[in-house]
Amino acid sequence: RHYRTIWLESDGWAVRIIDQTKLPHGFETLRLEFLDDAAHAIRAMRVRGAPLIGAAAAYGLCLALRDDPSDAALDEARATLLATRPTAVDLRWALEDMATRLRSLPTGERVAAAYARAAAICEESVATCEAIGAHGLPLIQAAAEAKGGARVNILTHCNAGWLATVDWGTALAP
């Protein structure tokens, strides 16, 4: 069965993730309902990989704004999520992107806009990873041809498969 690593639940507001701490010996998913759930999922490495961490942070802001869409709550949620992995580039980018877009909106419009942007961040990640695969595969095929059809070994650094992203993977997408 095909899974994405993060998705919106059928109720339209809670988020579900694959709990990567259970892999490879088990497959479990977790329901995230509150800011603290999302922060813990990132901190405890239940989600791993830069693109997925960014997506989880974006949805974490959504969960926080459901309770309080004020500027103060937005700033507090952003700080809470940023503290989970202060060096994570995609996390910081997603939080800044979300805050910049949401801060200019009236508080009554923020929750819907936050969910729309978090979903867009996920879809943009999927499209980017799919493009990496489409562009990378011919390069690997050309390298194999240049070696007379011999195996091509690829060394990756960090999480590069579909579990590190919303779907497809980065370096492993091809």
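This note walks through the sheet, the helices and several single residues of the structure above.

1. Basis of the note. The structure is a predicted model, in which local features need pLDDT of at least 70 and side-chain atom pairs count only at pLDDT 80 or more, whereas totals for chains, interfaces and linings use all residues. Residues are numbered from 1 along each chain as its sequence is written, and side-chain values use heavy atoms, with hydrogens and water left out.

2. The sheet as a whole. Three strands form an open sheet in the order β1-β2-β3, with antiparallel pairing; strands here are DSSP runs of E of at least two residues, helices are runs of H or I of at least four residues, and both are numbered from the N terminus. Two strands are said to pair if DSSP finds at least two bridges between them. Because β1 and β3 stand at the edges, each with a single partner strand, one side of each is left without a neighbour in the sheet. From one strand to the next, the twist averages 25 degrees, where axes are lines fitted to C-alpha atoms (for helices over the stretch in contact) and angles run from 0 to 180 degrees between N-to-C directions.

3. Pairing of β1 with β2. Strand β1, residues 6–8, is joined to β2 in the antiparallel sense over three bridges. Within this pairing, Ile-6 has Ile-17 of β2 as its bridge partner, while Trp-7 has Arg-16 of β2. Six residues lie between the two strands of this hairpin, and Gly-12 takes a positive phi near 85 degrees there.

4. Strand β2 and its other partner. On the β3 side, β2 is joined antiparallel to residues 29–32 by four bridges, and Val-15 stands opposite Leu-32 of β3. In a regular strand the side chains alternate between the two faces of the sheet. In β2, residues 15–18, both faces are covered, with Val-15 and Ile-17 buried on one side and Arg-16 and Ile-18 buried on the other; buried means under 20% relative accessible area, exposed over 50%, and partly exposed in between, using a 1.4 Å probe and protein chains only.

5. The loop between β2 and β3. Asp-19 is placed in this loop and is buried, with a relative accessible area of 1%. Its side chain makes a polar contact of 2.7 Å with the side chain of Arg-46, a polar contact being a pair of N or O atoms within 3.5 Å, of which, within protein, one must be able to donate a hydrogen and the other to accept it, while residues adjacent in sequence count only if both atoms are side-chain atoms. Leaving aside neighbours within four places in sequence, Asp-19 is in contact (heavy atoms within 4.5 Å) with Glu-28, Thr-29, Leu-30 and Arg-46.

6. Helix α2, residues 50–67, lies across β1, β2 and β3 and runs at about 30 degrees to β1. Arg-66 belongs to this helix and is partly exposed, with a relative accessible area of 40%. Not counting residues up to four places away in sequence, Arg-66 touches Trp-13, Val-111 and Tyr-115.

7. Helices α3 and α4. The axes of α3 (residues 71–82) and α4 (residues 89–103) come within 10 Å and cross at roughly 175 degrees. The two helices are therefore roughly antiparallel to each other, given that angles over 145 degrees count as roughly antiparallel, under 35 as roughly parallel, 65 to 115 as roughly perpendicular and the rest as oblique. The residues that meet include Leu-74, Arg-78 and Leu-81 in α3, and Leu-91, Leu-95 and Ala-99 in α4. They divide into seven nonpolar, no polar and six charged, where Ala, Val, Leu, Ile, Met, Phe, Trp, Tyr, Cys and Pro count as nonpolar, Asp, Glu, Lys and Arg as charged, and the others, Gly among them, as polar.

8. Arg-117 in α5. Arg-117 lies in helix α5, which spans residues 107–146, and is buried, with a relative accessible area of 10%. Apart from neighbours within four places in sequence, Arg-117 is in contact with Trp-93, Asp-97, Met-98, Arg-101 and Glu-124.

9. Two backbone points to check. Met-45, in the loop between α1 (35–43) and α2, has a positive phi of about 60 degrees although it is not a glycine. Trp-168, in the segment after α5, likewise has a positive phi, near 80 degrees.
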